[in-house]
Amino acid sequence: MNALPLLSLVIWVPIAGGVAVLAAGRRDALARWLALGFAAATLLLSLPLYTGFDPAVRGMQFVEDHAWIEAFNIRYHLGVDGISMLLILLTTYSTLLVVVAGWDSVRYRVSQYMGAFLIMEGLMIGVFAALDAALFYVFWEAMLIPMFLIIGIWGGERRVYSAIKFFLYTFLGSVFLLVAILYLYFQSDSFEILDYHRLALTQTEQILLFFAFLLAFAVKVPMWPVHTWLPDAHVEAPTGGSVILAAIMLKLGAYGFVRFLLPIVPDAASQLDWVVIALSLIAIVYIALVALVQEDMKKLIAYSSIAHMGFATLGFFLVFSIFERTGSLEGAALGFEGAVVQLISHGFISGALFLCVGVLYDRLHTRRIADYGGIAKPMPIFATLLVLFAMGNVGLPGTSGFVGEFMVVLSAFRADFWIAFVAATTLVLGAAYTLWLVKRVVFGTAPSERVARLPDVNLREGMVLGSLAVLVLLVGVWPDPVVDVLHGSVENLLQHVVRSKLPGA
Amino acid sequence: MKSVYVGIVLAPLLGTIVTGLLGRWLSREAVHRICIGGVALSLILSLVAFFHVVGGGETFNEPIYRWMFSDGISFEIGFLVDRLTALMIVVVNFVSLMVHIYTIGYMHDDPGYKRFFSYISLFTFSMLMLVMSNNFLQLFFGWEAVGLVSYLLIGFWYQRESAIYANMKAFLVNRVGDFGFLLGIAAILMYFNSLDYADVFRAAPLLQDVTVEVIPGLEWSVITLICILLFIGAMGKSAQVPLHVWLPDSMEGPTPISALIHAATMVTAGVFMVARMSPLYELSETALSVVLVIGALTAFFMGLVGIVQHDIKRVVAYSTLSQLGYMMVGLGASAYAAGIFHLMTHAFFKALMFLAAGSVIIALHHEQDMRKMGGLKRYMPVTYWTMLIGCLALIGFPGLSGFFSKDAIIEAVGESEIPGAGLAYLLVLLGVFVTALYTFRMFFLTFHGEERMDPHAREHLHESPAVVTVPLVLLAVPAVLVGWLTVEPLLFGGWFGEAIRVAAEHDVLARMGEGFHGALSMVLHGLLAPPFWLAMAGVATAWYAYLKRPELPELAKERAGVLYRVLVNKYGFDDFNQAVFGDGSVRLGRGLWQVGDVTVIDGVMVNGTARGVGRLAVVMRLLQSGYLYHYAFAMIIGLLVLLSWAVAA
């Protein structure tokens, strides 16, 4: 198995596929089938990453390491741990769904649409797999371009404003990332991310780097108060764009915390963890309240995404207070693994919810909640699936949405009662905005004849949503296979995080 | 035995899955046969389990599969089947089966027939998972899953605005309870490092003196904190003041589920949970006192509201609230067995009352207002007699099941020395009068007196079909007998064994047991005791005010206007919640959005930056005039400044 450069394949097969799809030009049917073929092939190629993964190994697996730009000691270095492996699987799966979901709802420049998603898939996987900071940065920046185009070309009415806002916002973060990486390069003469994990840095250096990383990744997550690009981007993006944005792109920010911030500047993080915890709690409460009053379905789900990502960032940063309060790491891994599970689960659920909005939008061309009502009657299958995903969003036990939040709240209790208290308010607030949405869209009476006669999901839509529903339930009922692959990686990370990196320490 | 236990939960689950996924291709008969078959099988297996456990079989406590492993803790799905569980699964499955059968008649003309069966089987599965759990994770799963099905069923008629308002309200209020419950579970994991009941109960006494500082300067016993947090969950699920507000509204759902979920089973989950946690609650008198007082307040004040309701189902719903309060009072007095005993008898007679009310409702073509009923005795004899049995059982008429359980609770509170017991005793005693009053008010208004329905409805009046009346009769049997048969072993025979633990100094049942000489003497003794006379006074008042002098209630309404308005407004809980939590959070959300996101972050910070850059560019452009002498002048000035700085340095 190791003979095959799996990671390179899952990066470059979709990119090559994307180029091939672009070449299909105006032949829409060919473009669709090619895209489907490449997306499916990539998903199949990514599966051995799970089956061949050894949970007992603490370091990186499926490693590929070649010299790239020797003058600067930049290497083509790939590898995954349990966290990035799961995120890669999520990427390959989501992309396949997006291709299928866009099958006949996208009619404008089909080949370019499909091509953009495939290329973006490869780039995003590149971010998750890169172990060289320069390589990471290249993928990180390159990934913005297809998304920028997807919003700007296939988006709604205010697509240009949103696309530029998206680009500038995230680019602002990227600049800080670049500065941080360059600084680390000059300190260590290396672009190896794993070298940075061992690099000694003074507290001042660490604090400056902490803020650079925080800004770079917080924009992407996004965390309050740098979140306002997300609702706009989601509202304007086409369905596929929203799915990838919510399911994968947001995860990149969280992943950055795990790969860069925590292990590289642990002493600063331990001093300033309260910043991230406070921002996470604000996301959980403030954003949930804002979500409550949205009139646009996509905006509501976008805000809900921010609130759910708050759980991920919270889970990652609990370790310091737990260590400080109890003197041991017990309970920290629970929160950390919970945060990763939350990332995966949020990928399923938010992706599914955006696909649901897409299904409705394709039929009625409006996202306004008030334009819908009582769709349970004309669309019973769709309504059932939507309620299921809503319950996932609410974190009902038995769905994947429960697992991560449960673990993080349990872990937060060890850190501080009040952190757990505020985090647990999501039980009420999350239910409030989600169920109110369900009440207004699914239940009640149809406000117009057209709504009363909406056709139910077709086979293609049913398959896409159905497969997500199975995953949401499966992970909810049996999260063991997901959590199990994380133990080694998380333990390893936590060891790094509590070890001081101050010089001489 | 493991396969039997797995079968108990899987049988109804399979019914749900098959009818839920394949429902559209199955006939109505096939759907109800599959679901009823599943529950019937589950009931048979429960009886096997029951007799196994009662016959001295080992308590089963084993994992079924590993849900997750993290941080050195194994989260398992597993079953604990001791006598408490065995009793619960038999009650749940029996009532569920009756309701399944009854549904054939009640939902006969409903287009959602198949969906309904699929839901109630799912409910049965969830409830069984809850009561059979051997750990807090699965308990929470069942806890929330029954809430989900309750949500789906309250909103079953999803085109009714009132129904979908009620179901959202039910879910959210329950979530407030679950919020506490989840924190309680988190506390348990932190202090016990396990979510397994057995581990927790074993270690609990060691933590008796450990304290925690939740609010600076205030030391709390850890056990008290845990118990109160868990009890907040029970307050949501078992509808205790002030989280009771969802239960009356839940009557928007079809009547069979009011019987099954909102009377007999789900709402008693909180009572079951506290009894299950008796090894914890016994360690905290503060927590017991909270349970006792909240229960007593619910028992009395919710009963009062029942007196002013016109909707027949709402009367029964307020009665359920009140009776749940009684159960809680029993638990708070450390008479866990009495609480569970009342849970069981209540399940039978209250399910009976709901189903009888439903029988009336269908006979009158979905009329629920008692002002349009009256004199139904003549038309519906089976419903009449079974309802009468239910009502007598509810008011605790000596000999019927409710008498044994309720009297035991009242006596236990009288004996109890938990702080607050004095107040609670007074409230539950007065509650007996209130119970009899609202119950027989409902009974007389419905079955006796003037026939107030419209003539058209009267023409079509007839007794309900057998699928409706047979469950009524089958439920009436335990409503009469179950108290007689089980009072001795359940309350005084230590029947629950290790399942319920009571500290010696709290053990009021043991003290009462010394004076117990069999069911018959308890009945005879009951005829002389104050609760009986209070109940009779209640019945007599109802008779006088609603049959003899029907103009009296109107008069009382005018005389006691304030009290009447307080009761009709249900003490203002609903208005308060809507204004403060409902409208308040929307207003807060809108404020945060418009001021925080739109104005400050986007307006000033983001777009402001963009505008700022634009303005800066305007200024900068002025500098780049393109005239050579401007540039030359600037260079000279700059050079001068630089030089002078260098010289000065």
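What follows is a short chat about a predicted model with chains A and B.

Visitor: What should I know about the model and its numbering?
Guide: The model is predicted, with local features needing pLDDT of at least 70, side-chain atom pairs counting only at pLDDT 80 or more, and totals for chains, interfaces and linings using all residues. Residues are numbered from 1 along each chain as its sequence is written, chains are lettered from A in the order in which they are written, and side-chain values use heavy atoms, with hydrogens and water left out.

Visitor: How many residues of chain A are in contact with chain B?
Guide: 69 residues of chain A contact 55 residues of chain B; contact means heavy atoms within 4.5 Å.

Visitor: And what area do they bury?
Guide: About 5,600 Å², with 70% of it on carbon and sulfur atoms. Buried area is the accessible area (1.4 Å probe) that two parts lose on being put together, summed over both.

Visitor: How many salt bridges across that interface?
Guide: Four, a salt bridge being a side-chain nitrogen of Lys or Arg within 4 Å of a carboxyl oxygen of Asp or Glu. A:Asp484 and B:Arg66 form a salt bridge at 3.6 Å, N to O.

Visitor: Changing topic, which helix gives the largest share of the nonpolar patch?
Guide: Helix 20 of chain B, with five residues. That helix spans 466-492, and helix 22 (519-526) also supplies at least two. Helices here are DSSP runs (H or I, at least four residues), numbered from the N terminus.

Visitor: What counts as a patch?
Guide: Residues with over 30% relative accessible area and no salt bridge, where nonpolar side chains (Val, Leu, Ile, Met, Phe, Trp, Tyr) are joined within 5 Å and like charges within 9 Å. This patch has about 900 Å² of accessible area together, and its residues include B:Trp484 and B:Leu520. Accessible areas come from the Shrake-Rupley method with a 1.4 Å probe; for residues, only the protein chains shown count as cover.

Visitor: Why does B:Val477 count as partly exposed?
Guide: Because its relative accessibility is 42%; buried is under 20%, exposed over 50%, and partly exposed in between (1.4 Å probe, protein chains only).

Visitor: Where are the cis peptide bonds in chain A?
Guide: One runs from A:Val221 to A:Pro222, omega near -15 degrees, and another joins A:Trp224 and A:Pro225, omega about 5 degrees. A:Pro222 is in the loop between helix 9 (203-220) and helix 10 (229-236) of chain A, and A:Pro225 lies in the loop between helix 9 and helix 10.

Visitor: What is phi at A:His365?
Guide: Near 55 degrees, a positive value in a residue other than glycine. Most residues other than glycine have a negative phi. A:His365 is exposed, at 56% relative accessible area.
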